[in-house]
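Please look over the sequence and the 3D structure below. The briefing after them is grouped by topic.

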Amino acid sequence: MSPVSEQERPTGATRGLILGIETSCDETAAAVVAFGEDVLSSVVSSQVDLHARFGGVVPEIASRAHLELLIPVVAQAMVEAGVSGADLDAVAVTHGPGLIGALLVGLSGAKGLALAWDLPLIGVNHLEAHLYAAQLEHGRIAFPQMVLLVSGGHTQLVAVAAPGEYELVGGTVDDAAGEAFDKVARFLGLGYPGGPAIEEIARSGDPQAIDFPRAMVHSGFDFSFSGLKTAVINHVRRYPEAATEDVAASFQAAAVDVLALKLERAAAEYDVASVALAGGVAANTPLRQRVALDAELAGLGCSLPGRTYCTDNAAMVAAAGWHRFRSDGPSGLDLPAVPGLRLPV
Ligand code: KG4
Ligand code: ZN
């Protein structure tokens, strides 16, 4: 994850330009990034409005929308970056994990472009891409690093010894953190996606109003969020007059507490030099503030990707693709979509 210094940058014709493509869930995204860190363009077309009335992502609708949006989004990314196919060094694309139909659209599009422009294709693990997001703005990162990867589909603590060297330290035994935000928001009638909606309404609530459970907080590095979700539902059914602001704020406080405490303990146990947040839930302000403060108190470095790079985007795919290309070379054109792809890679 360390940025490439000027000396490390290959000289000659290459401009280190990677076109990244991301379609694993409900964002159609394309970006052009130089040397895994300089973002020339990053275009994200969110399908949130299409899925909102269903309260979550509908896979079939997502695939069809990706089909319509992919080429315009790629074209916009190329125009904004001021490059043509001939300027690129490779096309990087998320090939898992994600929704199979959605992945296939991006993967097929990337293969077609690689073939047409005679460029190498690089398959990228979406989770690994999230780990590279912090690098897009943070410059040099201190390793080893403990990353809390929190998204709609994943909650993982990942120890990163060096770029591309991962150890999975903990995961969720039931719901992912973002899933818990989304489900609680749906129950409270706050809409989709739930994370931003809960954060917004929680601003005017009391985070100490209700003492929701902090599951498994002192044991191990795994997470469980389904008990917290059930506790919220039971509380609202029992006290229907409870202010939604207070319920949302108290839920968010419990979730942030567990996430931050486990990250802090894992960082100490693995004796890392820095911590980082990644994934959509890393956009959450109370979580960011808490993790930054904990890191400062522990004397650790802290990388928090900008909010636009926390949620799904293709700049992080291009960055991860650049590093994979240098370490492993190109993927074959028979690269499959792998909905259940995992870390470590
Ligand atoms: O990484 P991402 O864009 O997509 C996946 O790969 O899952 O993450 C989406 C998740 C959703 O569950 C969404 O509710 C959550 O990230 N999220 C947030 C916030 N913004 C997005 N959760 C809490 N607070 C936020 N501000
Ligand atoms: Zn994601």
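**Backbone features and the ligand shell**

Pro-193 is found in the loop between H6 and H7; helices (H or I, at least four residues) and strands (E, at least two) are DSSP runs, numbered from the N terminus. This is a predicted model, in which local features need pLDDT of at least 70 and side-chain atom pairs count only at pLDDT 80 or more, while totals for chains, interfaces and linings use all residues. Residues are numbered from 1 along each chain as its sequence is written, chains are lettered from A and ligands numbered from 1 in the order in which they are written, and side-chain values use heavy atoms, with hydrogens and water left out.

- Most peptide bonds are trans, and most residues other than glycine have a negative phi.
- Tyr-192 and Pro-193 are joined by a cis peptide bond, with omega about -5°.
- The peptide bond from Phe-143 to Pro-144 is also cis, with omega near -5°; Pro-144 belongs to the loop between helix H5 (135–138) and strand E6 (145–150).
- Phe-35, a residue other than glycine, has a positive phi near 50°, and its place is the loop between strand E2 (27–34) and strand E3 (38–46).

**Surroundings of ligand 1**

- Around ligand 1 there are 20 residues, the closest being Gly-152, Asp-182, Gly-195, Glu-199 and Gly-280; a residue is near a molecule if one of its heavy atoms lies within 4 Å of it.
- This shell divides into 5 nonpolar, 12 polar and 3 charged residues. Here Ala, Val, Leu, Ile, Met, Phe, Trp, Tyr, Cys and Pro count as nonpolar, Asp, Glu, Lys and Arg as charged, and the others, Gly among them, as polar.
- Helix H4 (126–132), helix H6 (177–187) and helix H7 (194–202) each supply at least two residues of the shell, and H7 gives the most, with 4 residues.

- A backbone N or O atom of Asp-312 lies 3.0 Å from an oxygen atom of ligand 1.
- For Gly-178, a backbone N or O atom is 3.2 Å from an oxygen atom of the ligand.
- Asn-284 places a polar side-chain atom 3.1 Å from a nitrogen atom of ligand 1.
- On its own, ligand 1 has 560 Å² of accessible area (Shrake-Rupley method, 1.4 Å probe), and the protein covers 89% of this.

**Overall fold**

- The secondary structure of the protein comes to 12 helices and 10 strands.
- The C-alpha atoms fill a box of roughly 65 × 45 × 30 Å, taken along the principal axes.

Key
A polar contact is a pair of N or O atoms within 3.5 Å; within protein, one must be able to donate a hydrogen and the other to accept it, and residues adjacent in sequence count only if both atoms are side-chain atoms.
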